[in-house]
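Dear colleague,

Please read them with the coordinates open beside you.

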Amino acid sequence: MEAKVVFSFTFFVSLFSLHAYNLQTYIIQLHPHGMINSAFNTRLDWHLSFLDRTIASKDSPSSRLLYSYHSSMEGFAARLSQIELETLRNMQNVIAVRPDHCLQIYTTYSYKFLGLGTTRKDAWLHPGFGRGTIIGVLDTGVWPESPSFSDDQMPPVPKKWRGICQEGQDFNSSNCNRKLIGARFYSKGQRASSATSRLPAPVEYVSPRDTHGHGTHTSSTAAGVSVPNANVLGNGAGEARGIAPGAHVAMYKVCWLNGCYSSDILAAMDDAIRDGVEILSLSLGGFPIPLYDDSIAIGSYRATERGIMVVCAAGNNGPIPNSVANEAPWITTVGASTLDRRFPAGVRMGNGQILYGESMYPGNQLPNAGKELELVYVTDGDKGSKLCSRGSLPRARIHGKMVVCDRGVNGRAEKGQTVKESGGAAMILANTAINQEEDSVDAHVLPATLIGYAESIRLKSYINSTRRPTAQIEFGGTVIGRSRAPAVALFSSRGPSLTNPSILKPDIIAPGVNIVAAWPQNLGPTGLPEDSRRVNFTVMSGTSMACPHVSGIAALIRSHHPVWSPAAVKSAIMTTADVTDHYGQPIMDGANPAGVFAIGAGHVNPERATDPGLVYDIRPSEYIIHLCTLGYSSSEIFTITHRNVSCREVLAKNRGFSLNYPSISAIFKTGRMGMKIKRRLTNVGLPNSTYSVEVVAPEGVTVKVTPQHLTFNNVYQSLAYSIWLVSWKTITKTQKVTFVEGHLTWVHTQSSHYRVRSPISVTWADMIQ
């Protein structure tokens, strides 16, 4: 996805001594029980003692310390030279040292699309709109004056809340209320990086206030209150509501214009765990890395142990295989899907043919926006003219014309600004082969539309066929319900999991394309500094937008089932997901039916998720056994879980162990023809219920389930079953990895409402060890 350019006229100043350029930020993880035998009274003093014994310069230990962690992990973040790092690495009770990593954010109508608010007994009303739950959002901050964060008719702040409303630049404690109950900001890791880079620090609010807009957008998507007559310059008009409008929001600002640093993220998770959040929503991440090196995975395990559900974006690196991020099995990983809402803005070419396009530019309200203009596509030179890069467009050639700009490199709306500054009158944004037909729209700064790759080929063919090509854009406003949806977003990251293929990721998909949500008043709807328009709402696309949809659904479930574990909530969301679109046809991924590595268990269905019938529950200790089955060493497991285990003993006591995951992933290596997988279901529906299993076996695999019927006498009773998978497909070492899929479903014998579905993924992989 192209980055959006954002701007703020506020600033901060970071002061570092000159030798700071030789320092880097590291996260030092310590033994959780190391302080017990020490002479220190507080963890902070203990953490500082390591620096006191390490730093060779005249700096005080506290001047090098960025954060002291207690809940997300035991340890601290500090600025160290390479020599100091080596000294500290060899000290007793230091179990891991990781450099600070920069991660990125994955950037009204969706609640109706998900079936919320359409019946009198739906998933909103049943649990009271998520009333009483607390969603902690780690993002770019919040714009508290947005109408989406009004606390009219909100319940009191829950007594379990222990957080604060941190004051800072243009932000004080009165900016929090019964909806936005807490706000904090974390900038030490980001500021340290800015000093190291020797580049000017980006200007933004040194407070929880949002400079970027992303955090305001995601938090309002999860839990914004009802706002009538919401729209983006007249498009997408309707009542804006978050998925859990009765839930409370706590914002933890960890992302800045140059990224989100793991030291800041860990500090935020550290506070959030103690503050009393029930759901953590992280629309950010990087590329897949081993769990023992992944700060989000480590902090999330701590949160999960304390009953906090962690929901993360899958990433925007699709459709590349193995690109899914946030792979830990205790994290709910969310991919992105489309809505059936369109913003048509077709291109009528001079030859009479019409190309389909989309835009949120308010052209249907501006009579001159759709006039016929001469077309120009600047292809000569090497200055990025095809991409409409800054300074690449000759004014004499494009003045007063409609300019064609290829997607890629620079931001979509930024291309339009370049055209406008160079004298162009309109723009056609043309997808390239890498973008295919992906249709993320923008509220452009001039008349503009986006066309797909197939249409762009037709457009360029027309331009080359005539001496004076012309076109006009026909803006159609907002259209709902006339297209198939949901479908998988092209950019949504795909599985299989690179570091843990025994767990099917992503877990689920949710709306993430052209999502309208709250927006700060310091930015125009495009986020460009030159955009002087001001709106309360704008449109964004990304798995960043999908993640808070699931966070909100989790809040609905937790409000109705407050004692459920994070794993039970995840199971409820996954096993009730849809695998067909609103026309009853398979969910599509481009021109083909979507596979499990694109959609996981399927597309979220909040109404069914609040009453799933059965759940696959997982105790935190079971994740440790799972890590042993993956071949993680005792020290690596200790880094993640703070549990000292002998995998040899653990595996001996748990022969044939299978993590009780809601989806099923089997890997057949060369010479292996069969395997047994165990699962355990807990009844959360009706007492005296019997379920029967239905199986659609993957091609080339025989699937046998025993028993085939499960009878639950009581609520919260658990029963186990086994799955035998037998491969009759012959695989040789010369063949590439092969994937097939199927599913099994436990169906209530008397109530068709309860269908508990698990996707099955089978991989033949000679290279997987």
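Cys388 counts as buried, because its relative accessibility is 0% and the cut-off for buried is under 20%. Please keep in mind that this is a predicted model. Cys388 sits in the loop that runs between strand 21 (373-376) and helix 9 (395-398), and its phi is positive, at about 55 degrees, although Cys388 is not a glycine. Most residues other than glycine have a negative phi.

Asn514 also has a positive phi of about 55 degrees without being a glycine. Its place is the loop between strand 27 and strand 28 (515-518), and Asn514 counts as buried because its relative accessibility is 3%.

Two peptide bonds may also be worth a look when you go through the backbone. The bond from Gly318 to Pro319 is cis, with omega near 0 degrees, and Pro319 belongs to the loop between strand 15 (309-313) and strand 16 (331-337). The bond from Gly495 to Pro496 is likewise cis, again with omega near 0 degrees, and Pro496 is located in the loop between strand 26 (479-480) and strand 27 (508-511).

Which residues does Thr449 contact, once its neighbours within four places in sequence are left aside? They are Ala345, Val347, Gly357, Glu358, Ser359, Met427, Ile428, Leu429 and Ile473. Thr449 itself is part of strand 24 (residues 448-451), and it counts as buried because its relative accessibility is 0%.

Val563 is exposed, because its relative accessible area is 70% and exposed means over 50%. Val563 lies in the loop that separates helix 12 (543-560) from helix 13 (566-575). Helix 12, by contrast, is mostly covered, with 17 of its 18 residues buried, and from its first C-alpha to its last it reaches 26 Å, which is close to the 26 Å expected at 1.5 Å a residue.

With best wishes

Conventions
Residues are numbered from 1 along each chain as its sequence is written. This is a predicted model: local features need pLDDT of at least 70, side-chain atom pairs count only at pLDDT 80 or more; totals for chains, interfaces and linings use all residues. Side-chain values use heavy atoms; hydrogens and water are left out. Helices (H or I, at least four residues) and strands (E, at least two) are DSSP runs, numbered from the N terminus. Buried means under 20% relative accessible area, exposed over 50%, partly exposed in between (1.4 Å probe, protein chains only). Contact means heavy atoms within 4.5 Å. The expected span of a helix is 1.5 Å times one less than its number of residues.
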